Amino acid sequence: MSKILVVGNWKMNPATISEAKILAKKIKAVAPRLQNTDAVMAPPLAFASACAPQKPVKNLYLGAQFVSVESGVGPFTGEVSVDMLKSLNIQYIILGHSEQRARGETSAMVSKKMKNALEAGITPVLCVGEMNRDQDGSYLEPLKAQIKESLEGIPKKYAKEIVIAYEPVWAIGAKEAMMPDQIYETSLFVKKVFADIFTPDAGVKATILYGGSVNFRNAADIISIGKVDGFLVGRESVNAAGFVELLKTVDSVV
Ligand code: PEP
């Protein structure tokens, strides 16, 4: 069985480099003790080098939250390319997050970034999810369209390198996570769409994370009932004690 993957999206936190280093130190301390779990910490890019382990830490990887749609180098003020991320030893990149989509990132841009990341050998964590959920299931078609558009033009050979984070937007930053049985149902739907785009086998083997108000209290149920392959975590990822507890909890469920 493959390991559970827990990606911590620090967003625009913490405020200072010294706080970032303290948080990273605590995660570096717990990661080697995990048996069945890989952890990714995705600090703001400004803090990436300060947080990066000096030498490889077992079960721990560095992630980024942003990359340019442009590749190579050039006159693109404020942008950062995948090759630059690669040279910082960044192994995962969060793409298509609803907070980036709300700021103008389209699915066409996401698919271009996905391709750039895959070609550079960085694992993309593709965020998808409905804005609202209704009883009659009318959110399913837009969800399917979002997945298809975000993966447009990605060669089949890359299917196994892609991580999908199913994040219902209404559950992000909320009081409660989605119910684990609903997570299970929707993750099956996401796998089916993934299978239609790539191959049935790719659908079965797809790595699906859940994101949206995950914490150390609800994590065990979401893994065991929701049957996801891990989490994309926002708030709890910058709460050192909570995130360490979350990693330990997940590790003991499997
Ligand atoms: C997120 O923004 O990806 C997220 C899951 O946030 P939170 O865990 O705070 O809901």
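Start by selecting strand β6 (residues 163-166) together with strand β7 (residues 207-211): the two pair in the parallel sense over four bridges. Helices (H or I, at least four residues) and strands (E, at least two) are DSSP runs, numbered from the N terminus, and two strands pair if DSSP finds at least two bridges between them. Click on Y166, and then on its bridge partner in β7, Y210.

Before moving on, note that this is a predicted model, in which local features need pLDDT of at least 70, side-chain atom pairs count only at pLDDT 80 or more, and totals for chains, interfaces and linings use all residues. Residues are numbered from 1 along each chain as its sequence is written, and side-chain values use heavy atoms, with hydrogens and water left out.

How many of the five residues of β7 are buried? Four are, so β7 is largely enclosed by the rest of the structure. Here buried means under 20% relative accessible area, exposed means over 50%, and partly exposed lies in between (1.4 Å probe, protein chains only).

Now select the strands β1 to β8. These eight close into a barrel in the order β1-β2-β3-β4-β5-β6-β7-β8, with parallel pairing, and the twist averages 25° from one strand to the next. G63 stands opposite Y92 in β4.

Next come the helices. Select α10 (residues 240-253) and α1 (residues 17-30), whose axes come within 10 Å and cross at roughly 20°. That makes α1 roughly parallel to α10; angles under 35 degrees count as roughly parallel, over 145 as roughly antiparallel, 65 to 115 as roughly perpendicular and the rest as oblique. Axes are lines fitted to C-alpha atoms, for helices over the stretch in contact, and angles run from 0 to 180 degrees between N-to-C directions.

Show the side chains here: L23, K26, I27 and V30 in α1 meet A240, F243, V244, L247 and K248 in α10. Contact means heavy atoms within 4.5 Å.

On the α5 side, S107, V110, S111 and M114 meet Q146, E149 and S150 of α6.

Find V190 in helix α7 (residues 180-197). Is V190 buried or exposed? V190 is buried, with a relative accessible area of 0%. Not counting residues up to four places away in sequence, V190 touches I147, I164, Y166 and I208.

Lastly, go to L85 in helix α3 (residues 82-87). L85 counts as buried, at 0% relative accessibility. Leaving aside neighbours within four places in sequence, L85 is in contact with L45, A64, F66, V67, V80, I90, I93 and I122. Select K28 as well: the C-alpha atoms of L85 and K28 are separated by 20 Å, and these residues are 57 apart along the chain.
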